[in-house]
Amino acid sequence: MRKYIRDFRIFTGKTTLITTLWSVLAVIALFVGILAVHTLTDSETIKGFCEGFLPMFCSLIPIIGYIPCNMLFNYNRAVNPGYKYFHSLPDSPKRFRRAIATSNFFTAAIVLIWAGALWLWSPVISLFVVFMGLSLKGVQNIFGHARSAIGMTVPMMVIIFAMGFLIGFISPDSESLFYMSPDGILYAAAAAGTAVFVIGTIYSVAVAEKKWQREND
């Protein structure tokens with residue numbers, strides 16, 4: 001396990017990981033602060049303002065955790081700085097594979113711990129965080145080895161669009177033509193996101209060494 005953590009730190013850097021950690025803590029602090037204001041205030045205007053921001057802060061943590069992982073794939077594109085250095089490291093293909101495996105472990109841990117904490121506040125938001133966090137990472141795994149950044153960015157935009165589409169179908173009005181129970185659809189979405197994550201992780205780790213050496217083929 002020590003090798004996996006070491007190789008992940010080699011690619012992402014200590015500064016990046018510390019910045020990511022502080023960013024996550026800052027988002028959590030803001031979330032708790034807004035939730036406290038929402039709970040304590042008697043003003044409906046302020047409550048509505050807080051309710052508009054809370055879901056956004058819930059979704060930021062999976063996105064923040066996604067950024068360092070993105071660096072791993074960028075280092076395997078010849079146009080990006082760092083490509084030659086990391087490819088010159090001894091046993092670099094195995095290092096790359098171990099770093100990807102570690103990134104998936106940390107992503108899953110961050111998403112599930114955060115979703116677990118949110119469950120105490122809102123199971124619906126918690127399930128959405130699982131869907132969003134694991135889907136984004138799963139798609140990143142599947143398309144991250146593309147030779148161009150566009151090849152990874154376009155599928156990510158499709159997933160983000162699908163998330164907005166999903167939220168649009170969650171209606172509390174049982175008389176609505178497109179009514180779907182929030183709990184029901186989000187349980188299915190969370191399961192689908194988990195499946196995408198597992199499939200993407202297995203694929204990305206399995207082909208990592210081959211993709212790392214593709215410029216030499």
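This note reviews a predicted model, from overall confidence down to one helix pair.

1. Basis. The model is predicted, with local features needing pLDDT of at least 70, side-chain atom pairs counting only at pLDDT 80 or more, and totals for chains, interfaces and linings using all residues. Residues are numbered from 1 along each chain as its sequence is written, and side-chain values use heavy atoms, with hydrogens and water left out.

2. Confidence. Mean pLDDT (the predictor's confidence in each residue, from 0 to 100) is 82 for the protein chain. Of its residues, 89% reach 70 or more. Residues 173-179 stay under 50. The model has 6 contacts beyond four places in sequence for that stretch (contact: heavy atoms within 4.5 Å). Where pLDDT is low, the predicted coordinates should not be read in detail.

3. Fold. The protein chain has 8 helices and 0 strands (DSSP runs: helices H or I, at least four residues; strands E, at least two; numbered from the N terminus). Take contacts between residues at least 6 apart in sequence: 72% join residues at least 24 apart.

4. Burial. The chain has 217 residues, and 43% count as buried (under 20% relative accessible area, 1.4 Å probe, protein chains only).

5. Helices α1 and α2. The axes of α1 (residues 2-12) and α2 (residues 14-40) come within 6 Å and cross at roughly 90° (lines fitted to C-alpha atoms over the stretch in contact; angles run from 0 to 180 degrees between N-to-C directions). The two helices are therefore roughly perpendicular (65 to 115 degrees). Phe8, Arg9 and Thr12 of α1 meet Lys14, Thr16 and Leu17 of α2.

Notes:
Parallel < 35°, antiparallel > 145°, perpendicular 65-115°, else oblique. Buried < 20%, exposed > 50% of the residue type's maximum accessible area, 1.4 Å probe, protein only.
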